[in-house]
Amino acid sequence: MSTVVANSTSFRSTVSIMRRHPGLVFGLVVVAAMVLLAIAAPWLHTLDPTLIRPRMRLKPPSSEFWFGTDASGRDLWSRIAYGSRISLIVGASVASASLVIGLVIGMIAGAIRKLDGIIMRIMDGVMAIPAILLAIMVVSLFGAALQTVIIAITLPEIPRVVRLTRSVVLTVRGEAYVEAAISMGTPTQILMIRHILPNILAPVIVQATFTASAAILIEASLSFLGIGTPSEIPSWGNIMADGRNYFQMAPQLIIAPGLLVALTVLAVNILGDGLRDLLDPRLAKSVGDAR
Amino acid sequence: MIDDVLSIEHLTVAITASSQGKTVVSDVSLSVGRKEIVCVVGESGSGKSVTSFSIMGILSYGLAPATGSIKLLGEELIGASATRMRKLRGLRMAMIFQEPMTALNPVMTVGDQIAEIFRYHRPEMSASDVRLRVRSLAEDVRLPDPANIVRRYPHQLSGGQRQRIMIAMALALEPALLIADEPTTALDVTTQKQILELICDLVARRGIGVLFITHDFGVVAEIADRVVVMRSGSVVESGSAHDVLTQPQQAYTRSLIDAVPGSKLPKARDVADHVVLRVENLSKTYGDSSGLFGPAHNTAPALLNASLSLRKGEILGIVGESGSGKSTLARCICRLQTPSSGDIWLGDINIARMHENKLRNYRKAIQVVFQDPNRSLNPRLRIGETLVEGARNFGASARVASERSRRLLDLVGLDDSALDRFPHQFSGGQRQRICIARALASEPDILVADEAVSALDVSVQAQVIELLEDLRQRLGLAIIFITHDLRVAGQLCDRLIVMQSGRIVEQGPTGRLFDSPSETYTRELLAAAPGREFLASARKA
Amino acid sequence: MVRFLFRRLLSIIPVLAIVSIIVFLALRLGPGDPAAILAGDSATPEMVAAMRAHLGLDQSLPQQFLHWVVQIAHGDLGRSITSNQPVTTLVASRLQPTLALAIATIIFSILVATPLGVLAAWRRGTWVDNLASGGAVIGFALPAFVTGYLLVFVFALKLQWLPVQGFVPLSEGFWPFGRHLVLPTLTLSTIYIALITRVTRASMLEILGEDFVRTARAKGLPERVVLFRHALGNSAIPILSVIGIGIALLLGGVVVTESVFSIPGLGRLTVEAVVARDYPVVQGIIILFSGVYVLINLAVDISYAIFDPRISY
């Protein structure tokens, strides 16, 4: 038996974690770079992303316009740099909102038998509607604003968190240490907060990273289809939607923002995989596969 | 020896990923002759299973033999080609495993699983010949109604029948060597006896050599010709079964033999008259509330009309095989389940169907210790936090609770430094001690130990049993001790209850029950306990 | 068996009920008066009121819902606002491209992903596994519009092997039909293949660690039998279930893919309807897609019983 108490904050263990989980490092680095890009966009050789220059349409990359200009003469690099803000805001908001709401509903379903059936039937119903279509329906009804898009994408993600939370709660509830706590007369609220919540958090947080990447993907898809974030806001999906008709002349209009979406989604997914291996290898199988 | 079926010399198995050449088995030598049963004995982590997997060439991912030699009928197996090894498996050597449920493919009929051996080793055999052979093999291992049973799936058979299928499969091509890796550990004791008899009989009839892996010296005493004792990957001692059992040379071997439950006689003890728990006509039927969409339930009662009483300072053993209802009885008594009918009297209060809100006040009196120490402690809480919970729930101040947890740790033989650590930093035996300390935190009158020593190695098992005995004497605790192992129960309990199919078959003082059981089933159970004759003679000596 | 089927059929009723309640409430409680929209911009208040009565919007919400559900049960999904055609007619006219794309994708994905996942699990830790697992992670992150345009760029614009976009009905010959279907199928398959490969590999790895696989090896069976008969046979259920769940992903992907390749299918119809605020069409397609999803997953559930004798009827 080891007598050394693991101190996760020490430098040496951080290095060893990084060495054992290269994916985690890659994901963190890329996500950090994206966050940096989003914050520092004004100082990264960017111009006004919405400024239309009728004489500068579809210019090839140059020292002034790093990635060239689009069909309205707007600077593509500036639009992409500012566009990262939308993706990150959507990813982070949808992940945290669906995490909190899903966790609460899932714990209620897992704890109170009477509500379990009703809650899960409703969740099954929501999950039966393909996520993009549900989002499309909400956006089409309430109009395209960034908040609407975030709500529209959060809605279909909630049932996944609920399902996962509930199933982990049920597993943990059957564990002997929870039964021991019950037989010690521990009140239900304390049982949920002290014994169950800490032991279900790891998989749910991992799920949240996958939710973030799915949200970024769906936002880009909706904008690309012209029914997402309002078209005057430079989001990656909108940039691609604008570039569709000029694909043969200036493929970078689609390829550059497209690859950034892919890179971001990839990095967040790999970060999630890494977190999963790090936090709870036992639960590695149950999370993230059923997307 | 030319006659050896198997001879292993200086075998070392290493972890391939380890740059320091970390080994799990080092310098092991042993041999098995024809018509001989060689038992390899050791506790978990002794390397006994890894040794047997290296013979078969089916080591798991990340392990590989580093040095040494394994000869099967004179043929070297280390370095043999994969094709050759595959031929030899099944043809010259075969293996049966601990858990016959998981060792059989759940989606194939057992007959098909036997038949496919012929399909790939004897492609020239016709389908009807294969069918006949499968049937005769099923008869050979004395399966009932062989023609029909081969058409069933594993989940439709009993544990003993599944193990017989495994043996039939192993014997299909009449190999010279049978490796049996704890083949009876997962079985009930009466089934274990039958399987051991079957193996002995096959050795006599067919002249095969058997390498039998076990942790139980009781089993060794029943079947072994020779014994090899292993510890931490090395051979500690080997010799003829008689010599090792009666005159072990090593202290470690001695301690393993002594740790076999039942090698000491239960002492007659005085027990107070004060009854702390009375259970009357307790019954439990599962699934009595099936919904419209719920699966169909079988409604056979898991527990029927069980009555018992428990006095202060008494240890009451509840013994039974799987499905006997002993765990249901225990879980109903600690109200982890609600009984369907009957009464549970704590003094003059009946808690049998009391609502959870009210019940919470009475939970203090009955505490429970579970089987698997790995899952019984909240992995995210320090031991100190776990230990104060029970006392805090019943109104003790933080200071009192923390003082009490120190005292409890001392009582179960651990020191204060444990308070700041997490469960994963302790061994299985230590964790079980912590679980006992936690159970005592609310100062209960009754402790329910549900198979609390079954998952532990024999030497650790003996220590925990000693601890329970000690607690009873010091605290006047009444203990309900649930076990499948009559030998363990006999060593510890004042009184025994024998259960079968949800009913209490017989109950009485341990000594009386052992010496003159009145029911047939109790007699069968007693007769099936492995190593009974050896232990009896050891006790007399 | 009959009882089992009956129970499973019953169990989809609540799901379908929830779906229709969500769709119904979303449209009724959303902003904007459907009657006003239907009556058009130049309508007088009287015309709107007449339209409201005509649509039954003056009834109570539950009555409206009941009325609407009865209509759907009769196969009536309402009429399009823009073209005034029945929604069912519109859907039928756009069905073939979507059906062709979806079926081609499912078949192609299963044929590629299952062997790939098995191989990766069997050769765990080798370059084959790294390639397959890495490819799956990347494939799962590639949005359909990126894959689509990359494929168009390489195979249609540079190499000029395949058409850039469009769809040709099967009635005009299999060759043009097939040629137009290749790139969209590859595009839509990427994420599906990634998903199935990942799950196949994971469940194979789990099964390969099971005792009965060790038994099969101990019996001296050839590796291919161990792998395909014993291990894959037991992985069938997780693989099937991810194929079923993946249908939702596929139906969502259809919308984007059809848009990239200008395929006149249901996905395009959805986008057109949303842009034109043609709510009955949006409603109809969502009900249809969700119904398909539920039915496919019902079929998957029932098929479990074929693959696993422990699941009793």
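Chain B has 21 helices and 20 strands; helices (H or I, at least four residues) and strands (E, at least two) are DSSP runs, numbered from the N terminus. This is a predicted model, in which local features need pLDDT of at least 70, side-chain atom pairs count only at pLDDT 80 or more, and totals for chains, interfaces and linings use all residues. Residues are numbered from 1 along each chain as its sequence is written, while chains are lettered from A and ligands numbered from 1 in the order in which they are written.

**Chain B overall**
- The C-alpha atoms of chain B fill a box of roughly 75 × 55 × 50 Å along the principal axes.
- Of its 541 residues, 48% count as buried (20 or more other C-beta atoms within 10 Å of a residue's own, with C-beta atoms placed from the backbone).
- Contacts join residues whose C-beta atoms, placed from the backbone, lie within 7 Å.
- In chain B, 70% of the contacts with a separation of 6 or more link residues 24 or more positions apart.

**Chain C against chain A**
- Chain C gives 44 residues to this contact, and chain A gives 42 residues.
- On the side of chain C, α11(C) supplies the largest share, nine residues.
- That side has 36 nonpolar, five polar and three charged residues (Ala, Val, Leu, Ile, Met, Phe, Trp, Tyr, Cys and Pro count as nonpolar, Asp, Glu, Lys and Arg as charged, and the others, Gly among them, as polar).

**Two helices of chain A**
- The axes of α8 (residues 188-224) and α9 (residues 236-243) of chain A come within 7 Å and cross at roughly 30° (axes are lines fitted to C-alpha atoms, for helices over the stretch in contact, and angles run from 0 to 180 degrees between N-to-C directions).
- Residues in this contact include A:F224 of α8(A) and A:W236 of α9(A).

How values were computed: Two residues are in contact if their C-beta atoms, placed from the backbone, lie within 7 Å. A residue is buried if 20 or more other C-beta atoms lie within 10 Å of its own, exposed if 12 or fewer, and partly exposed in between; C-beta atoms are placed from the backbone.
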